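Walk through this model with the coordinates open.

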Amino acid sequence: MDLVIEQKCPTCGAPIVLHEADRLVGCPFCGVRNYMVGGTTLRFLLPARPPAGISAEDLVYIPYIRFKGCMYQCQGHEVRHAIIDTTRIALASDRFPLSLGLRPQAMRLRQLTAAAAGGFVGRQVKLENIFAQAVKMTALFMLDRVGEVRHRAFIGDTLSRIYLPVYRKGEAIVDAITNSEIARDSSGWDDLAAGAAPSRKEWEPRFLSTLCPRCGAQMEGEPDALVLHCRNCETMWEEEEGGFSPLNWGRVPADSETDLAVPFWKVVLRQENGGMLRTFGDFLRLTGQPVVVRAEDEQRRLSFWIPAFKLPPASFLQVAHYFTLSQKRIADGEPGELGTVYPVTLCRSEALQSLKSVLAEATLARRDLFPRLPALELQAEAVSLVYLPFRDAGHDRIERQTAITIAAAALKFGRKL
Ligand SMILES: [Zn+2]
Ligand SMILES: [Zn+2]
């Protein structure tokens with residue numbers, strides 16, 4: 001589920017309400033659009049409502065890690081997946097709830113700023129351990145566990161921190177939102193409070209100007225877009241290490257003005273790694289496709305075509321599989337005028353993390369390939385963003401060159417992932 005967050009406009013300070021996945025922060029008061037850098041873990045507060053006599057300085061904030069994304073797992077001879085959307089406590093303590101449950105969705109969160117009063121307890125448990133706990137709660141582990149886990153990938157950009165405010169009242173520890181007791185005896189409170197640190201400037205999100213770094217024009221993008229588009233100089237920009245970097249991009253021209261330009265990451269693999277997957281011919285053989293491998297397939301360098309947008313996990317794998325298998329029918333794109341654009345909501349590094357799962361999904365010869373998955377290295381040599389034209393067929397969007405279909409409902413659902 002999507003979280004709603006209250007944030008101050010970095011330009012004029014006015015309050016703005018954002019959705020969790022939003023990166024473009026448009027201010028209705030001053031009109032300026034800023035891009036929120038997502039690289040570092042974002043920190044949010046559940047809003048405290050302490051009674052009179054308890055000040056903001058008395059509050060201690062307990063850290064929870066929020067995981068949201070899709071888990072892909074190659075196990076036995078199956079590719080399994082699950083959506084993970086949960087919070088887990090980051091302390092080794094049995095005094096506080098293990099999870100925040102539905103509370104973050106039920107209220108408006110606040111972005112943590114350096115000005116926030118109170119003490120913030122640091123994370124005490126390794127992220128991997130908290131994550132392993134979260135995974136155990138998913139359907140992947142409810143199923144019968146058949147076969148060895150050969151590969152696992154977590155694809156989702158949300159890994160944020162949410163703080164639960166508490167305070168001490170007499171001998172009890174009290175939840176500062178509901179003002180109900182969490183623990184009857186407050187032993188250990190002094191250590192907890194002493195270890196809590198004041199908020200810091202570097203915990204605040206950073207913002208970038210959305211003017212094109214090349215020509216100075218206003219760049220375009222929907223609130224959740226991870227790639228911004230300058231229509232003036234026909235460039236695409238992604239955030240990388242706190243700045244905007246230009247992307248190699250192209251588009252296959254649309255047949256009709258009503259076509260939707262849908263973005264894909266075209267990933268060309270590095271050649272030297274073992275050489276198992278150099279050409280499209282290698283891909284056809286390795287995955288056991290029931291086709292004759294032709295001379296032109298042996299010449300064609302292999303590329304993976306990964307949706308540059310979120311989809312439900314089953315559709316994501318299927319779409320990546322079908323486009324990768326149909327790559328001979330997809331033209332090389334080139335920069336140029338774009339009509340209506342579907343936003344990039346899945347970043348390049350996530351696309352790279354998905355390669356093994358896509359390869360596994362595309363494989364018919366699973367008994368042969370799956371045992372080799374752990375040792376297989378799929379490194380990218382070149383990544384570009386290519387927009388493909390999709391026509392509107394009511395309930396579906398259909399790609400013009402390959403006739404591959406994506407359900408409109410899957411696209412819609414993906415915007416909420
Ligand atoms: Zn503003
Ligand atoms: Zn420009």
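The donor residues of the zinc ion (ligand 2) follow the sequence spacing C-x2-C-x14-C-x2-C. Donors here are N, O and S atoms within 2.8 Å of the metal (3.2 Å for Na, K and Ca); water is not among the atoms, so sites may look incomplete. This is a predicted model, in which local features need pLDDT of at least 70, side-chain atom pairs count only at pLDDT 80 or more, and totals for chains, interfaces and linings use all residues. Residues are numbered from 1 along each chain as its sequence is written, chains are lettered from A and ligands numbered from 1 in the order in which they are written, and side-chain values use heavy atoms, with hydrogens and water left out.

Which residues hold the zinc ion (ligand 2)? Cys212, Cys215, Cys230 and Cys233 coordinate it through SG, at 2.3 Å. The angles among the four donor atoms run from 101 to 119°, and the site is tetrahedral.

Cys215 sits in the loop between strand 13 (207–209) and strand 14 (227–230). Cys230 belongs to strand 14. The pair is 15 residues apart and links distant parts of the chain. Strands (E, at least two residues) and helices (H or I, at least four) are DSSP runs, numbered from the N terminus. Cys230 is buried, at 0% relative accessible area. Cys215 is partly exposed, at 34%. Buried means under 20% relative accessible area, exposed over 50%, and partly exposed in between (1.4 Å probe, protein chains only).

Turn to the zinc ion (ligand 1). Its protein donors are the SG atoms of Cys9, Cys12, Cys27 and Cys30, lying 2.3 Å from it. The site is tetrahedral, with angles of 106 to 114° among its four donor atoms. Cys12 lies in the loop between strand 1 (4–8) and strand 2 (15–19). Cys30 lies in the loop between strand 3 (24–26) and strand 4 (33–36), and 18 residues separate the pair. Cys12 is partly exposed at 41% relative accessible area. Cys30 is also partly exposed, at 32%.

Last, the helices. Helix 7 (residues 313–325) packs against helix 9 (residues 355–362) at about 75°, with axes 9 Å apart. That makes helix 7 roughly perpendicular to helix 9, a label for angles of 65 to 115 degrees. Helix 7 contributes Leu317, Ala320 and His321 to the contact. Helix 9 contributes Ser357, Val358, Glu361 and Ala362. Contact means heavy atoms within 4.5 Å.

Terms used:
Four donors count as tetrahedral if all angles lie between 85 and 135 degrees; four count as square planar and six as octahedral if opposite donors are over 155 degrees apart and all others between 65 and 115; anything else is irregular. Axes are lines fitted to C-alpha atoms, for helices over the stretch in contact, and angles run from 0 to 180 degrees between N-to-C directions. Angles under 35 degrees count as roughly parallel, over 145 as roughly antiparallel, 65 to 115 as roughly perpendicular and the rest as oblique.
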